[in-house]
Amino acid sequence: MRKSEKEFTEQNLFNIKKLFYDKLAMNEPPTVTRSDSSFYPPVLYPSAQTKKSMNQRKRYRKAIYIPVTAALSLCLVTGAAASMGIIDLSSVFHVIGVDRIGILQPVHQVSEDQGIRMEVIGAVRDGDTTEIYVSLSDLTGHRIDDTLDVYDYRVTGGNANNAQIIHYDHVNKTAIVRFLIQGKVSKNRITVQINTLMSGASRQDGYIVQVDWEKLLQEKQNNNYDIVDQDRISGLGGKTDFQLENDPIPVLHQDVTNIPVSGIDWMHISNIGFVEGKLHIQINPNNEIGEYNHGYFYFTDEQGQKLDIPEYSVSYGHYMKDGVGYGGDYEEFVYDLSSVDQLDKLRLQGSFTSISEVVQGNWKTTFNLSQNALSKTGNIQLDANGASQANVTLSSVGVTLTGEALSKIRVEDLSIEVHLKDGTKLSGASGFLQLDQDLIKWISPKTILVNNVSYLLINGEKVTLLDE
């Protein structure tokens with residue numbers, strides 16, 4: 001972009017801020033919900049809701065390019081604005097980016113519970129994708145940190161979703177989380193609700209599990225098992241060779257063994273054995289935080305090299321402790337060891353994440369969000385055999401890939417270039433998210449001006465785009 005020859009003045013800054021706050025004023029009045037039903041003072045805006053200001057907004061609805069000096073100036077002046085109850089733009093500009101702010105619809109809806117404040121900063125809908133930015137602040141302690149995991153949440157609309165922390169402010173103990181919701185939304189009314197937050201996560205590989213292979217192999221043909229009822233299954237992972245709706249799913253009897261994993265105090269191996277030729281390892285979380293912690297087992301050879309062994313997992317049931325039922329699941333990991341010649345040479349290890357803080361509450365806001373429907377489409381073949389055909393949709397937020405075989409594609413192996421008509425390009429070797437088995441989303445680091453895009457390169461293959 002050519003540098004402007006005109007000096008950036010205080011009046012320019014005022015105009016840019018005015019445009020943002022005028023956009024905010026077009027939304028609903030900000031509200032705050034709290035568990036004790038009290039309210040924050042009303043928020044003040046720089047401009048009043050008059051017919052004149054509404055007419056001015058109509059004339060200003062166009063793309064705005066803000067020089068870097070402008071963004072820096074905004075960061076400097078917004079501290080005083082925050083003290084007056086106005087949104088502190090500096091908290092989001094350096095994280096989300098000036099160009100992304102240009103397409104976001106300001107929301108500023110706040111909900112507070114358990115001493116934690118949730119604010120929906122802004123959102124955008126580009127066709128089938130909804131992108132929402134939320135800040136979470138701990139007002140009383142240190143429960144929000146850079147390991148924050150939004151564990152249990154709901155966003156209306158869509159059939160796939162993702163919540164990811166994109167920035168943490170150590171000084172203000174505030175995290176900014178980006179929600180991605182994929183799927184058609186029938187109404188413009190959006191609700192964001194969070195029920196459980198987790199933090200203090202630490203992950204460690206290399207947990208050693210002692211396995212008596214001789215005993216396991218002796219009992220290989222004699223193990224009894226159960227068929228788990230479909231309504232008791234709460235999750236499946238990995239690639240299975242059965243259909244959840246129709247085929248019986250075998251699992252081990254519960255709580256036959258009590259094998260500890262050294263260094264892990266929130267679960268134990270409650271059974272281990274072969275079922276129909278496959279090794280099953282059943283774990284049972286044995287305290288309240290066990291249902292939030294997670295991990296997996298893997299095999300290494302005698303030299304400590306990880307082995308690529310087909311596997312899947314199934315979660316089901318609940319557990320009892322001291323006569324009290326808890327909502328955690330048994331989880332059973334299943335491994336196909338048919339290609340391994342010497343089972344007694346295998347070493348079983350684990351990789352587990354432990355959570356130190358779980359906060360449950362009710363953070364909920366509802367707001368209107370209209371749709372930015374401008375997009376272009378194309379298609380691509382992602383492998384040489386033609387097995388992974390994908391439909392491609394380009395929008396201002398990024399690129400969506402849909403196709404039946406996309407679960408076989410590793411997002412780490414994908415790269416993309418967005419080529420613009422002026423000869424410049426946007427590149428991305430990261431930013432891909434697997435939102436569903438047949439859905440991959442790439443989030444652009446910059447807002448894309450859809451009409452200025454000439455074509456895409458995905459893994460070096462050219463994608464010709466057509467208006468949708």
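Visitor: How many salt bridges does the rule give?

Guide: The count comes to 5 salt bridges, where the rule asks for a side-chain nitrogen of Lys or Arg within 4 Å of a carboxyl oxygen of Asp or Glu. Before we go on: this is a predicted model, in which local features need pLDDT of at least 70 and side-chain atom pairs count only at pLDDT 80 or more, while totals for chains, interfaces and linings use all residues. Residues are numbered from 1 along each chain as its sequence is written, and side-chain values use heavy atoms, with hydrogens and water left out.

Visitor: What makes the pair Arg-117 and Glu-119 a salt bridge?

Guide: Their side chains meet at 3.2 Å, N to O. The limit is 4 Å, so the pair qualifies.

Visitor: Why is Glu-119 called buried, and what is Arg-117 called?

Guide: Buried means under 20% relative accessible area, exposed means over 50%, and partly exposed is in between, all with a 1.4 Å probe and protein chains only. Glu-119 has 9%, so it is buried. Arg-117 has 21%, so it counts as partly exposed.

Visitor: What is the strand order in the open sheet of 6 strands?

Guide: The order is β11-β17-β20-β15-β14-β13, with antiparallel pairing. Strands here are DSSP runs of E with at least two residues, helices are runs of H or I with at least four, and both are numbered from the N terminus. Two strands pair if DSSP finds at least two bridges between them.

Visitor: Why are β11 and β13 called edge strands?

Guide: β11 (233–238) and β13 (259–261) each have a single partner strand, so one side of each is left without a neighbour in the sheet. On average, neighbouring strands of this sheet are turned by 25° against each other, direction ignored; the axes are lines fitted to C-alpha atoms, for helices over the stretch in contact, and angles run from 0 to 180 degrees between N-to-C directions.

Visitor: How do you know that β17 pairs with β20?

Guide: β17 (residues 311–316) and β20 (residues 330–335) share 6 bridges in the antiparallel sense. The rule asks for at least two, so they pair. Glu-311 has Tyr-335 of β20 as its bridge partner, and Ser-313 stands opposite Phe-333 in β20.

Visitor: What joins β11 to β17, and why is β17 called largely enclosed?

Guide: The antiparallel strands β11 and β17 are joined by 5 bridges, and Gly-238 has Tyr-312 in β17 as its bridge partner. In β17, 5 of the 6 residues are buried, so the strand is largely enclosed by the rest of the structure.

Visitor: Why is Gln-282 called buried, and what makes its link to Ser-270 a polar contact?

Guide: Gln-282, in strand β15 (residues 278–285), has 0% relative accessibility, so it counts as buried. A polar contact is a pair of N or O atoms within 3.5 Å; within protein, one must be able to donate a hydrogen and the other to accept it, and residues adjacent in sequence count only if both atoms are side-chain atoms. The side chains of Gln-282 and Ser-270 make such a contact at 2.6 Å. The backbone oxygen of Leu-252 lies 3.2 Å from a polar atom of the Gln-282 side chain.

Visitor: What is the order in the open sheet of 3 strands?

Guide: That order is β5-β8-β22, with antiparallel pairing. β5 (149–155) and β22 (357–368) are the edge strands, each pairing on one side only. β5 is joined to β8 (residues 189–199) by 6 bridges, and Val-155 stands opposite Val-192 in β8.
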